[in-house]
Amino acid sequence: MIDARHELRAGFVVDGRCWGVVALFRGGRRPDFTPADVGVLRRLSAPVGAALRRAAHRAPDDTAAGPSEAGVLLLDQDLRLFSENPAAKLWREELGPSQAELPSAILEVAARGRGAELPAYGRIRGRSGRWLSVQASPLSGGPHPAAIAVTVHPAPAADVAEILLLAYGLTPRERDVLARVVAGLPSRTIAVELHITAATVQDHLKSVFAKTGVRSRSELVATVLGL
């Protein structure tokens with residue numbers, strides 16, 4: 001086991017949003033992290049964040065079909081797995097190497113749900129590019145009174161759309177327009193609701209088309225909803 005005496009954490013942030021984090025460790029007789037080390041991570045924060053944001057709208061691998069039902073895992077208070085249904089094992093392999101008992105993504109959500117009044121929730125990108133929903137909440141009663149139930153299943157289309165809107169770097173106004181396009185509203189109605197002109201709506205749509213790489217409203221809706 002590594003003697004991790006020193007730790008340096010960083011977030012990869014672009015446009016005020018964090019798209020990833022890293023934790024670096026040094027152990028043994030190696031010196032602590034220096035201001036120069038911190039400076040390197042600071043310079044990397046925005047470009048790595050931008051790269052991770054671009055990766056968020058990578059199309060999933062259609063050949064990687066998951067189970068039709070949700071995976072259910074039961075963990076003890078120490079976050080050790082003691083029971084799961086067949087689908088859970090397949091979803092675990094989607095979230096991490098098969099040799100690992102529990103992927104770190106599941107452990108992170110389970111740790112937040114342990115002892116919480118409300119379920120902990122996470123949207124996590126699988127190895128195939130598929131977005132998954134992971135939810136954890138404590139159980140009561142039974143032979144394991146402090147157990148935690150974790151469910152894993154494909155994330156709802158609305159949740160994925162929310163991520164994609166951020167991943168494409170759309171402005172707040174562009175997101176307003178896009179939400180109404182997805183709802184099927186014509187440009188004139190969108191203009192009235194947002195108190196802008198129809199021409200301005202079209203300008204926002206052109207920008208959205210350019211950022212998402214589509215040429216029509218139908219393509220745009222299909223891209224955002226993952227159809």
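Among contacts between residues at least 6 apart in sequence, what percentage join residues at least 24 apart? In this protein, 50% of them do. Keep that in mind as you click around, and remember that you're looking at a predicted model.

**Start with the whole chain.** Show it as a cartoon and you'll find eight helices and seven strands. Of the 227 residues, 36% are buried.

**Now colour by confidence.** The mean pLDDT is 85, and 90% of the residues reach 70 or more. Select residues 187-194 to see helix α6, where confidence is highest, at a mean of 95. Then jump to helix α4, residues 157-167, where confidence is lowest, at 76.

**Next, select helix α2, residues 86-95.** Show the side chains of Ala 87, Ala 88, Trp 91, Arg 92, Glu 94 and Leu 95, which are the buried residues of this helix. Turn the view until you look down the axis: these buried residues fall within an arc of 155 degrees, so they line one face of α2.

**Last stop: the largest pocket.** About 1000 Å³ of space lies in it. Select Trp 19, Arg 123, Ile 124, Arg 125 and Trp 131, the closest to its centre among the 28 lining residues. Elements giving two or more residues to this lining are β2 (17-27), α1 (35-55), α3 (104-113), β5 (120-125) and α4. Colour the lining by class and you'll get 17 nonpolar, four polar and seven charged residues.

Notes. Residues are numbered from 1 along each chain as its sequence is written. This is a predicted model: local features need pLDDT of at least 70, side-chain atom pairs count only at pLDDT 80 or more; totals for chains, interfaces and linings use all residues. Side-chain values use heavy atoms; hydrogens and water are left out. pLDDT is the predictor's confidence in each residue, from 0 to 100. Helices (H or I, at least four residues) and strands (E, at least two) are DSSP runs, numbered from the N terminus. On a 1 Å grid over the protein atoms alone, a cavity is a set of points where a 1.4 Å probe fits but cannot get out, and a pocket is an open set with protein on both sides within 12 Å along at least five of seven lines; lining residues have an atom within 4 Å of a point. Grid points are joined across faces, edges and corners, and a volume is the space filled by probe spheres set on the points. Ala, Val, Leu, Ile, Met, Phe, Trp, Tyr, Cys and Pro count as nonpolar, Asp, Glu, Lys and Arg as charged, and the others, Gly among them, as polar. Buried means under 20% relative accessible area, exposed over 50%, partly exposed in between (1.4 Å probe, protein chains only). The arc is that of the directions from the helix axis to the C-beta atoms. Contact means heavy atoms within 4.5 Å.
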